[in-house]
Amino acid sequence: MALVSAFRLSHLTLQNQVKIVNSKNFSALSQLQHFNHGSRKNYDRNYQQPKREKFGFGGGRGQGGSVSWSTPQMVLFCVGTGSALALGKREYDQYKREQVQKKLMSPIGQEVDSNSYEIKEAIPVFPVARSIRNPNDNTKVKFTLYQFQTCPFCCKARAFLDYYGVSYDVIEVNSVTRKQMKWSKYKKVPNLVVELENGKKYQLVDSTAIISVIFSFLYDKPEGGLPNVLDCYPKIVKEQLDGGTFKKPAVEVQNAYFLMYQHSGPNKDTKGIVEERKWRKWVDDSLVHVLSPNVYRTPSEALQAFEWFDKVGEWERHFKTWERYLVIYLGSAVMWILGKSLKKKYQLKEDVRESLYDDVNFWMKSLRAKGTPFMGGEQPDLADLAVYGVLSAIEGCDAFQDILNNTKVAKWYNRMKQACALKEGQSIFNGQDPVMEWHDCK
Ligand SMILES: N[C@@H](CCC(=O)N[C@@H](CS)C(=O)NCC(=O)O)C(=O)O
């Protein structure tokens with residue numbers, strides 16, 4: 001624990017430094033996560049007001065028989081029935097909560113057991129779709145990425161791994177049967193399994209958390225290795241409400257946008273650290289949400305997108321023929337319909353391309369204002385990798401050609417593509433970039 005206490009959050013200013021003593025004090029930390037998202041108009045379009053609860057009940061005077069009620073009786077009946085329904089719903093929600101909680105590792109609002117990253121059970125062996133190898137990766141760690149080839153979150157995680165030259169195996173998850181994920185409680189992708197030299201295995205989830213954890217591990221090279229880094233990313237069980245309706249709680253990784261430093265310091269000043277985090281969050285909260293409504297904008301675009309997913313995801317190898325065609329034709333029809341509701345949910349413009357151009361232009365304008373080849377300066381940082389990663393998910397779609405033709409993103413995008421292909425960040429294995437002392441981070 002003493003080692004953990006030496007980790008520091010990357011965002012802290014000198015006046016505002018907090019050390020992670022252990023994961024228990026993270027409620028104080030999580031308040032610090034609510035930073036200003038910047039000037040983008042409509043930025044928070046995805047944050048919706050909860051819907052009003054509706055308790056409907058019918059009936060009317062004398063309905064259903066010969067009983068005729070006076071007004072006070074009617075009012076009493078309505079109030080009584082309303083209260084009973086409200087009480088019933090509350091009790092039902094409570095019952096549902098208890099049922100769900102019984103199946104969970106920890107109660108809502110509480111930390112999940114800190115060993116929850118460790119995988120104790122054997123993972124079934126699945127064929128490796130691709131093995132990416134870099135002889136300069138000296139971590140002695142085996143990384144296995146469970147993914148969908150064209151999922152934007154997976155593309156983001158891959159862009160990060162590729163740029164830093166991490167060696168990893170890819171397991172392509174069958175999006176229909178999901179049989180490759182049956183062993184896991186967390187069913188979404190990306191899912192990164194990390195096997196250490198001592199044979200211990202850890203499961204990392206959520207693209208942003210995966211990137212922060214692995215970056216902190218590679219860059220800082222902390223004593224105690226990966227398990228000590230993971231102690232800085234506690235998971236909690238978070239209640240989810242959709243309007244007034246209770247939904248299955250989700251496990252959320254705390255500090256996902258934060259980088260941890262044990263004995264090194266960040267290679268940016270505080271402004272740079274905050275900027276990088278702001279853009280990473282913007283990718284998850286805004287940019288990623290304009291992609292689906294754009295690639296599924298019309299039935300033919302939706303079909304084209306699925307045909308491209310089929311090609312780059314090599315579905316012919318991973319799916320049975322009937323599954324493959326079911327996914328292509330049914331999937332494209334379903335996604336075309338879903339694209340409409342996503343457009344509404346995220347309050348995109350009538351022509352969803354306009355929202356896509358707005359986001360890409362917002363990024364490019366800020367990059368131009370910075371005056372460097374990348375948002376990270378002379379080299380890409382995690383913000384560049386996040387934006388590039390999610391955009392690369394739609395590379396084979398009309399929407400991507402349209403952004404190349406209608407925005408100025410192409411040069412930056414090609415620089416990023418090359419930087420990832422050439423593993424330009426692999427010096428991370430040799431040492432640390434010039435590291436700042438904490439008193440320089442202001
Ligand atoms: N916040 C997560 C989102 C991951 C996510 O939603 N992945 C999708 C694929 S693009 C998924 O697995 N969906 C399946 C499901 O929701 O069951 C991340 O950044 O990794």
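A residue counts as buried if 20 or more other C-beta atoms lie within 10 Å of its own, as exposed if 12 or fewer do, and as partly exposed in between, with C-beta atoms placed from the backbone. By this criterion, the buried residues of helix α11 are Val352, Ser355, Leu356, Tyr357, Asp359, Val360 and Trp363.

The model is a predicted one: local features need a pLDDT of at least 70, side-chain atom pairs count only at pLDDT 80 or more, and totals for chains, interfaces and linings use all residues. Residues are numbered from 1 along each chain as its sequence is written. The pLDDT, the predictor's confidence in each residue from 0 to 100, averages 81 over the chain, and 75% of the residues score at least 70. Over residues 1-67 the pLDDT is below 50, and this stretch has 87 contacts in the model beyond near neighbours in sequence; a contact requires C-beta atoms, placed from the backbone, within 7 Å.

Helices (H or I, at least four residues) and strands (E, at least two) are DSSP runs numbered from the N terminus. Helix α11 comprises 19 residues, 352-370, and spans 28 Å from its first C-alpha to its last, close to the expected 27 Å; the expected span is 1.5 Å times one less than the number of residues. Just after α11, glycine 371 adopts a positive phi of about 75°. The cover over the buried residues of α11 includes the helices tabulated below.

| Helix | Residues |
|---|---|
| α7 | 270-295 |
| α10 | 321-345 |
| α12 | 382-392 |
| α13 | 398-406 |

In helix α8 (residues 299-312) lies alanine 305, which is buried, with 28 other C-beta atoms within 10 Å. Leaving aside residues up to four places away in sequence, alanine 305 touches Val295, Tyr296, Ser332 and Cys397. Serine 332 is 27 residues from alanine 305 in sequence and 7.8 Å from it in space, C-alpha to C-alpha.

An open sheet of 6 strands runs in the order β2-β7-β6-β4-β5-β3 with mixed pairing. Strands β2 (118-119) and β3 (130-132) stand at the edges with a single partner strand each, so one side of each has no neighbour in the sheet. Pairing requires at least two DSSP bridges between two strands. Strands β4 (residues 142-147) and β6 (residues 191-195) pair in the antiparallel sense over 5 bridges, and tyrosine 146 has asparagine 191 in β6 as its bridge partner.

Methods: Two residues are in contact if their C-beta atoms, placed from the backbone, lie within 7 Å.
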